[in-house]
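Here are a few notes to read alongside the structure.

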Amino acid sequence: MKIQEMFTTVVTHLLTQKKRAINPKTKDCAYLSEDGCKCAGGCLIPPDTYTPKMEGIGVYGLAFFHDLASTSENYNSFMLVLSRLQEIHDKNLVEEWKDRCQDLAVVAHLEMPEGF
């Protein structure tokens with residue numbers, strides 16, 4: 001997966017979902033929450049491969065587990081952008097997501113998805 005493709009997929013997901021994926025028991029962010037919401041990394045997990053054991057492993061572990069960055073032109077850049085998107089989901093108000101994603105697009109030399 002190319003960096004721009006991943007960025008477009010995740011940003012489109014986050015800005016369409018407009019809700020955090022939260023584990024109601026721990027109040028931590030989740031790859032897949034009980035209400036079906038997915039975080040930045042969670043939207044990249046193929047539905048047939050998700051398991052609750054993935055929760056808490058971090059995006060670097062997730063990327064390794066699913067081989068997300070293996071076809072990327074630059075693994076380090078891919079992981080930096082993905083971890084930043086995860087941080088946007090986890091640590092910012094939903095209302096701030098678009099601005100934070102736009103900021104990330106500028107510094108990472110990426111294009112925001114159409115419509116956002």
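This is a predicted model: local features need pLDDT of at least 70, side-chain atom pairs count only at pLDDT 80 or more; totals for chains, interfaces and linings use all residues.

1. Asp103 counts as partly exposed because its relative accessible area is 42%, between the 20% and 50% cut-offs. Its salt-bridge partner is Arg100, and the closest N and O atoms of the two sit 3.1 Å apart. Arg100 is partly exposed too, with a relative accessible area of 23%. Both residues belong to helix α4, which covers residues 97–108. They are three residues apart there, or about one turn of the helix.

2. Now look at helix α3 for another pair. Glu87 and Arg84 form a salt bridge, with 3.0 Å between the closest N and O atoms. How far apart are Glu87 and Arg84 along helix α3? They are three residues apart, so about one helical turn separates them. As for accessibility, Glu87 comes out at 35%, which makes it partly exposed. Arg84 is also partly exposed, at 27%.

3. A further salt bridge joins the side chains of Glu34 and Lys25, at 3.1 Å from N to O. Are Glu34 and Lys25 buried or exposed? Both are exposed. The total count of salt bridges in the model is four.

4. Still in helix α4, have a look at Trp97. Its relative accessible area is 0%, so Trp97 is buried. Which residues does Trp97 contact, once neighbours within four places in sequence are set aside? The list is Leu14, Leu15, Lys18, Lys19, Arg20, Ile88, His89 and Asn92. Take Leu14 from that list: Trp97 and Leu14 are 83 residues apart in sequence, yet their C-alpha atoms are 7.8 Å apart in space.

5. The buried residues of α1 are Ile3, Met6, Phe7, Val10, Val11, His13, Leu14 and Leu15. What covers them? The cover over these buried residues includes α3 and α4.

6. Is His13 buried or exposed? With a relative accessibility of 18%, His13 counts as buried, because the cut-off for that class is under 20%. Leaving out residues up to four places away in sequence, His13 touches Lys38, Cys39 and Cys43.

7. Next, some backbone angles. Most residues other than glycine have a negative phi.

8. You will find Lys27 in the loop between α1 and α2. Its relative accessible area is 60%, so Lys27 is exposed.

9. His109 is another non-glycine residue with a positive phi, here about 60°. Where is His109? Look in the segment after α4. At 73% relative accessibility, His109 counts as exposed.

10. Last, the largest pocket. About 180 Å³ of space lies in the largest pocket. The elements that give two or more residues to its lining are α2 (58–66) and α3 (75–91). How many residues line the largest pocket? There are 14, and those nearest its centre are Cys29, Ala30, Tyr31, Glu55 and Gly56. Sorted by class, the lining has six nonpolar, five polar and three charged residues.

Notes
Residues are numbered from 1 along each chain as its sequence is written. Side-chain values use heavy atoms; hydrogens and water are left out. On a 1 Å grid over the protein atoms alone, a cavity is a set of points where a 1.4 Å probe fits but cannot get out, and a pocket is an open set with protein on both sides within 12 Å along at least five of seven lines; lining residues have an atom within 4 Å of a point. Grid points are joined across faces, edges and corners, and a volume is the space filled by probe spheres set on the points. Helices (H or I, at least four residues) and strands (E, at least two) are DSSP runs, numbered from the N terminus. Ala, Val, Leu, Ile, Met, Phe, Trp, Tyr, Cys and Pro count as nonpolar, Asp, Glu, Lys and Arg as charged, and the others, Gly among them, as polar. Buried means under 20% relative accessible area, exposed over 50%, partly exposed in between (1.4 Å probe, protein chains only). Contact means heavy atoms within 4.5 Å.
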